[in-house]
Amino acid sequence: MIRTAALLALLAAPVGAADFEFCWEGANGYRMEGRMTVPDALLDRPLLTHDDVTAFTIQGFKDDMPLGAWNMAQRRPGTAWNLSFDPRGMVFPTGGMHDGPKGQAWNAGGRADDCGNPGFGFNSGTNAQDLCVNNVWRSDSMINRYTRFPVHPAGQATLDCGGAALLGETDQMPRPVTRATYGKNSPW
């Protein structure tokens with residue numbers, strides 16, 4: 001009985017989580033901002049996937065005008081959802097298949113024409129990095145598939161990827177979660 005009570009108390013204890021911010025700059029005035037949350041216990045892994053992320057939100061812009069937003073709570077059957085994150089290198093791997101470990105499919109599959117209408121999504125595959133807006137592939141947003149896509153601890157860097165600084169505290173972006181102290185091998 002004591003073991004069961006101790007186990008239940010342990011399971012009820014809050015789990016530490018790390019918040020991250022990122023900003024992507026595409027061609028022709030396109031930009032995307034985002035945030036994600038990952039449990040602290042997973043940050044020592046070499047590669048995290050969409051299954052490891054507990055919160056994820058992106059918002060797109062064209063010449064600083066909002067295009068749309070998406071978060072993982074909006075997933076439905078058939079939604080393209082692949083995320084790879086290297087917490088040691090603090091990057092989203094790019095250049096591979098959109099549905100593989102070196103690709104990204106955030107509500108946009110390989111053709112980037114399946115994000116919903118209205119809808120917004122991002123794709124990084126073997127052709128390019130680009131956006132989907134209202135089920136339309138925005139080919140004019142395309143940049144080289146190997147373009148580095150860095151990630152930063154939330155609140156640790158002033159991010160500006162060619163436009164206005166990150167919006168951060170909007171209704172579409174999750175609020176920061178308090179992070180537990182990281183170990184000696186932390187990138188922070």
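This report walks through a sheet, some salt bridges and one serine in a predicted model.

## Ground rules

Because the model is predicted, local features need pLDDT of at least 70 and side-chain atom pairs count only at pLDDT 80 or more, while totals for chains, interfaces and linings use all residues. Residues are numbered from 1 along each chain as its sequence is written, and side-chain values use heavy atoms, with hydrogens and water left out.

## The sheet

Let's start with the strands (DSSP runs of E, at least two residues, numbered from the N terminus). In general, strands of a sheet pair through backbone hydrogen bonds, either parallel or antiparallel.

Take a look at β4 (residues 55-62): 6 bridges join it to β5, and the two run antiparallel. For Lys-62, the bridge partner in β5 is Met-65.

## Salt bridges

You'll find 6 salt bridges in the structure, each being a side-chain nitrogen of Lys or Arg within 4 Å of a carboxyl oxygen of Asp or Glu. One of them pairs Arg-35 with Glu-21, with the closest N and O atoms 2.9 Å apart. Arg-35 sits in β2 (residues 30-39) and Glu-21 in β1 (residues 17-25), so this pair ties together parts that are 14 residues apart in sequence. Both Arg-35 and Glu-21 are buried (under 20% relative accessible area; exposed is over 50%, and partly exposed is in between, using a 1.4 Å probe and protein chains only).

Glu-33 and Arg-31 also meet in a salt bridge, at 3.0 Å from N to O. Glu-33 is buried at 0% relative accessible area, and Arg-31 is buried at 4%. Together with Asp-64, Arg-31 and Glu-33 are linked in a network of salt bridges. Then there's Arg-138 with Asp-140, where the closest N and O atoms are 3.1 Å apart. Here Arg-138 is partly exposed at 28%, and Asp-140 is partly exposed at 26%.

## Around Ser-141

Ser-141 lies in strand β11 (residues 136-143) and is buried, at 0% relative accessibility. The Ser-141 side chain reaches the backbone oxygen of Arg-138 at 2.6 Å.

Leaving aside neighbours within four places in sequence, Ser-141 is in contact with several residues, including Trp-24, Tyr-30, Gln-129 and Leu-131; contact means heavy atoms within 4.5 Å.

Conventions:
Two strands pair if DSSP finds at least two bridges between them. Helices (H or I, at least four residues) and strands (E, at least two) are DSSP runs, numbered from the N terminus. A polar contact is a pair of N or O atoms within 3.5 Å; within protein, one must be able to donate a hydrogen and the other to accept it, and residues adjacent in sequence count only if both atoms are side-chain atoms.
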